Amino acid sequence: MSRDIAGTNNAPLTSELFHAKVYKPNQGRIVRQLTALAIWVVVALGCWSLYATLRGFLPAGSMLIPAIPMVALAIGVWIGYRLVNWPQFADFLIAVEAEMNKVTWPAKDELIRASVVVIFTIFFLAVALFLFDVVWQFIFNFLGVTS
């Protein structure tokens with residue numbers, strides 16, 4: 001079924017970049033908005049890093065220092081917006097939201113019990129690994145294998 005969904009519209013992403021239509025606007029809104037937000041955060045952090053890097057390479061007061069990251073930010077925001085409206089990717093995100101709506105989430109008390117079990121299991125394994133490390137370190141030191 002997922003191949004049928006993805007295969008319905010095979011338009012390349014490059015052709016989708018140059019128009020502003022929203023693909024199936026009423027379907028998969030939450031997942032698409034969160035995906036776009038995640039893309040925009042990554043782009044913004046990359047532009048911030050680029051700004052800091054340019055401040056070290058270009059002379060102080062150069063207009064290129066803020067201009068290059070701003071242009072990159074604008075392009076990245078537009079590409080992120082268009083990516084979540086690209087039919088192939090949007091259909092995937094719509095299907096993800098439909099599947100997530102089918103999930104049965106645990107009640108609060110069941111969630112707490114399961115979390116406590118996981119935390120104690122991880123703690124027990126950490127202690128066991130620490131003890132194994134101490135025992136093997138003692139054995140190797142006794143044999144003179146380690147420096």
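Colleague: Is the crossing of α3 and α5 right-handed or left-handed?
Modeller: Right-handed, for the crossing of α3 and α5. Bear in mind that this is a predicted model.

Colleague: OK, which residues make the contact?
Modeller: From α3 you have Arg29, Ile30, Val31, Arg32 and Thr35. On the α5 side, Phe89, Ala90, Leu93, Ile94, Val96 and Glu97 take part.

Colleague: And what does that contact have by class?
Modeller: Seven nonpolar residues, one polar and three charged, for α3 with α5.

Colleague: At what angle do the two helices pack?
Modeller: Helix α3, residues 29-57, and helix α5, residues 87-101, pack at about 120°, and their axes are 8 Å apart. So α3 is oblique to α5.

Colleague: Why quote both an angle and a distance?
Modeller: Because two packed helices are described by the angle between their axes and the distance between those axes.

Colleague: New topic. Where does Ala107 lie?
Modeller: Ala107 sits in the loop between α5 and α6, with α6 covering 108-143.

Colleague: How exposed is Ala107?
Modeller: Partly exposed: the relative accessible area of Ala107 is 41%.

Colleague: How far apart are Ala107 and Leu54?
Modeller: In sequence, Ala107 and Leu54 are 53 residues apart. In space they are 50 Å apart, C-alpha to C-alpha.

Colleague: What should I do where pLDDT is low?
Modeller: Where pLDDT is low, the predicted coordinates should not be read in detail.

Notes:
Residues numbered from 1 in each chain as written. Predicted model: local features only at pLDDT ≥ 70, side-chain atom pairs only at ≥ 80, totals over all residues. Heavy atoms only, no water. Axes fitted to C-alpha atoms, helices over the stretch in contact; angles between N-to-C directions. Helix = DSSP H or I, 4+ residues; strand = E, 2+ residues; numbered from the N terminus. Parallel < 35°, antiparallel > 145°, perpendicular 65-115°, else oblique. Left-handed = near helix turned anticlockwise from the far one by under 90°. Contact = heavy atoms within 4.5 Å. Nonpolar A, V, L, I, M, F, W, Y, C, P; charged D, E, K, R; others polar. Buried < 20%, exposed > 50% of the residue type's maximum accessible area, 1.4 Å probe, protein only.
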